[in-house]
Amino acid sequence: MRPPLIKRELAVIAKEADEAADMGINDLLSSILLTAGALLITIFASIRLLNGILQPVGMVVRLAEDVCAGNLSNRLPVNSSDEIGRMADALNRMSDELEQKARLAEKIAGGDLTVNFSLASEKDTLGIALRSMVENLNDLINSIREGAALLENMSVQIADSSQALSQGASESAASLEEISSTMVEIDAQTSTTAQNTDEARKIADQTMSASKSGTENMADMTQAVSSIHDSGKQITRIVKIIEDIAFQTNLLSLNAAVEAARAGRHGKGFAVVAEEVRKLSGRSAAAAKEAAEMVSNSNSNIERGAQVAGVTAKALGEIENGSIKTAGLLSEIAAASKEQAAGVSQVAIGLSQIDQVTQQNSAYAEETAAAAEELTGQVKNLREIVSKFIVATGKQEEADPHITSGGLASDPIKWGKELMIGINKIDSQHRRLVILANDLYHALREGQASSALQPILEELADYTRTHFSYEEQLMQQSGYPDFVSHKAAHTKLVQKLEDIFQGFKANRSGIGIETFNFIKDWLPSHIMRTDKKYVSHLQSRGVV
Amino acid sequence: MNLSKKLLLLVGIPLLAFLIDSWQLLTLTHADYVSAMTLKSSTGIFMHSSELINELQKERGLSAIYASGGDNFAEVESQRKSSDLILAAFVGVGKIDRKLAGAITMDIDRVREMTLASQAPDAIRREYSQLIARILDFQASLTRTDVSTEALRHLNSLLLVEAAKESLGQLRAVGSSILESDRPVEQGELFALTEFRARVLANLDSRVIYLEAESVAAINALRAGDDWKEMEIALAEIMSKAESGDYLNEAAPHQT
């Protein structure tokens, strides 16, 4: 092993190291260049990419913000067919659709409800909603027109009725005032009667008390007379005793006189006394006799008086009974009079209340009349407002087979402009007739029972008469020259309907579709050919 | 976060990843370049260190002979001058650690003084061997690089050759010392002989060795040559007479 080997190997190594160093520097330089190049390319591509996305997206955002703010006039440039280009195109189409719908909405806002538009797709919610809104507005305006017409008539009727009611209420109030004053007088008289009756009852009570007292006094008197009679009898017995005593005394005086005579002079005085006693006994006997006579007479009188007292007591008893009855009756009369007075007072109060209510009714009726007049004015305003709307007809119905402004799509008679003559009330009546005719058609088609057909037929006949009457009234008022023939046509149809209806009611004839076909042929033809003739005449005469 | 920021993130994150990856690639490429440049400069240092080892090996042999009783100091002196020239070139490379250069210089001076002081030849050989081993370690440190190139592979192979050469030199030195003293072999010497021979064969037969064809042929020629055979015979003689000595009549180791 010698150094040349190592030198050789070292030379090789040095060469390889040089190559490695050269390769390293080359690798380093190429890596730096490649990295820098890739970095520049990446940054450039990223900037282009970001600009390519952010700029269009920014424009899309601005457009969307404009749309949000209601500005639909801006559009995006479509420069590519990628997603952003497609998004810009879709946004432009969306703006177009929205702008178109906005214009339609402006038309609708201007009152044109005849607008027609196609949907962008089956899921065009806004378009469907707009279409539905237009249809509903058509229905609404038509309904408002009908309702306004009916409301106008009704308000006029209400005004008339209110005035009549007010007038009647005023008259009633006047009558009630008279009745009230009469009732006040009756009340006063009834009160007076009650007072008088009360006084009479008091007098009757006093009379009853007096008669009762009299009866009692009469009983006392009868008792007293009986006692007197008894006393008379005792007096008679006493008088007899006195007579017996006077007789004995006379006998004794005689005996005394005898004795006195016997006593002589000594008995002279005694004889005088005896004489005087005899005289006294004689006078006593005479007095006793007179007393007996008087007592006898008195007893007779007393007996007669007792009899009279008995009769009088009986009469007094009857008087007392009569007084009691009279007092009872007078009490009842007094109570009745009081009740009558109270009733009269209540009647007066009730009349006063009725009067107040009547006056209030009168005031209300006046207010109602005023309100009805105001309502009439408002209805006119409403009709003027509604008249700004142009209502769609057949086209709109074709747009949606289910919901139309005039009725169902399957209605055989379509209500539309061609059937409108320009007089709102008559148009409303015509539309009502069309609806009734269509109802009849559907009822016939569905085979409904007679019970269902009858009210339709009845209403159709009645409403036809009402309508014809109104038309004839207008034609007559305006002096329509063709009034006679027009009325004849009315009469003919009314008669026809009447025959149908009567035949139906009598079950003599059924109703077939030919009946409806007759109406279907007659009604539009009459409206379009006959009724439209009088429009200019009525308008020129100012009756409508 | 608005769309522009999201897109910036969408673009910026891969770009940042690309930048990081590119930076790493550049860093690696730069590291490879630096390694290649380091390897290039290491090749010169390796060359000088190999020459220095070669000169010190020669000086070790001559100094050991002189220390064992030789009288041709002029030959030693001449070798020392050659070694100094190489040492100066080695130290002057500039990229060598100053401390290492200083330590090697001081060690050389110290071992030369040992020679002048006529110390034991074994001690002188051992000091030279340690000095050479330090330079070999230094050489090995030159191959510790991240770059994997043909040059590095060659350098590593050359390191193996250097190690084999040093082991062979030590083997010869120990063998020569035994033969010259004609004495029984001490156990330590026996182990050293065995170890050095094993190192020579292991390094030369290493499967990772990668040399130019001419170098391989030269090594093979060396191993097949008379000198190698004489060395093998001398070693066999030493081994067979290790306990008794008395080798001088049989064979003499070849001086390198």
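This is a predicted model: local features need pLDDT of at least 70, side-chain atom pairs count only at pLDDT 80 or more; totals for chains, interfaces and linings use all residues.
# A walk through a two-chain model

**Stop 1: confidence**

Still in chain B, select residues 251-256, where pLDDT stays under 50. The model has 16 contacts beyond four places in sequence for that stretch; two residues are in contact if their C-beta atoms, placed from the backbone, lie within 7 Å. Now switch to chain A, which averages a pLDDT of 81, with 95% of the residues scoring at least 70. Its residues 394-406 stay under 50, and there the model has 28 contacts beyond four places in sequence. For the complex, the predictor gives an ipTM of 0.78 and a pTM of 0.42.

**Stop 2: chain B**

Show chain B as a cartoon and you'll find 8 helices and 0 strands. Helices (H or I, at least four residues) and strands (E, at least two) are DSSP runs, numbered from the N terminus. Of the 256 residues of this chain, 36% count as buried: a residue is buried if 20 or more other C-beta atoms lie within 10 Å of its own, exposed if 12 or fewer, and partly exposed in between, with C-beta atoms placed from the backbone. Among chain B contacts with a separation of 6 or more, 74% are between residues 24 or more positions apart.

Next, pick B:Asp182, in the loop between H5 and H6 of chain B. Is B:Asp182 buried or partly exposed? It is partly exposed, because 13 other C-beta atoms lie within 10 Å. Draw a distance from its C-alpha to that of B:Ala242, 60 residues apart along the chain, and you get 9.7 Å.

**Stop 3: where the chains meet**

Show both chains together. How many residues does the contact take from chain A and from chain B? It takes 30 residues from chain A and 42 from chain B. On the chain A side, 20 are nonpolar, 5 polar and 5 charged. Here Ala, Val, Leu, Ile, Met, Phe, Trp, Tyr, Cys and Pro count as nonpolar, Asp, Glu, Lys and Arg as charged, and the others, Gly among them, as polar.

Now for the largest nonpolar core, which has 57 residues. A nonpolar core is a set of buried Ala, Val, Leu, Ile, Met, Phe, Trp, Tyr and Cys residues joined through C-beta atoms within 7 Å. Select A:Leu10, A:Ile13, A:Ala17, B:Leu131, B:Ile135, B:Ala151 and B:Ile238, which touch the most other members. Among the elements giving two or more residues to this core are helix H1 (3-68) of chain A and helix H1 (3-67) of chain B. H1(B) gives the most, with 13 residues. Zoom in on A:Ala17: leaving aside its neighbours within four places in sequence, this residue is in contact with B:Ala36, B:Leu39, B:Lys40, B:Thr43 and B:Ala151.

**Stop 4: the rest of chain A**

Chain A has 8 helices and 2 strands, in the order α-α-β-α-β-α-α-α-α-α along the sequence. Buried residues make up 22% of its 544 residues.

Click A:Ala102, in helix H2 (residues 83-109). A:Ala102 is partly exposed, because 13 other C-beta atoms lie within 10 Å. Its C-alpha is separated by 9.6 Å from that of A:Gly70, 32 residues apart along the chain.

Move on to H7(A), where A:His486, A:His490 and A:Leu497 are buried. The buried residues of H7(A) pack against H6 and H8 of chain A.

Finish at helix H8 (residues 513-541) of chain A. Where does H8(A) bend? Look at A:Asp531, where the bend is about 40°, taken as the angle between axes fitted to the seven residues ending there and the seven starting there. Select A:Thr515, A:Phe516, A:Ile519, A:Tyr534 and A:Leu538, the buried residues of this helix; they pack against helix H5 (424-445), helix H6 (450-478) and helix H7 (483-505) of chain A. Just after H8(A), A:Gly542 takes a positive phi of about 70°.

Technical notes. Residues are numbered from 1 along each chain as its sequence is written. Chains are lettered from A and ligands numbered from 1 in the order in which they are written. The expected span of a helix is 1.5 Å times one less than its number of residues. pLDDT is the predictor's confidence in each residue, from 0 to 100.
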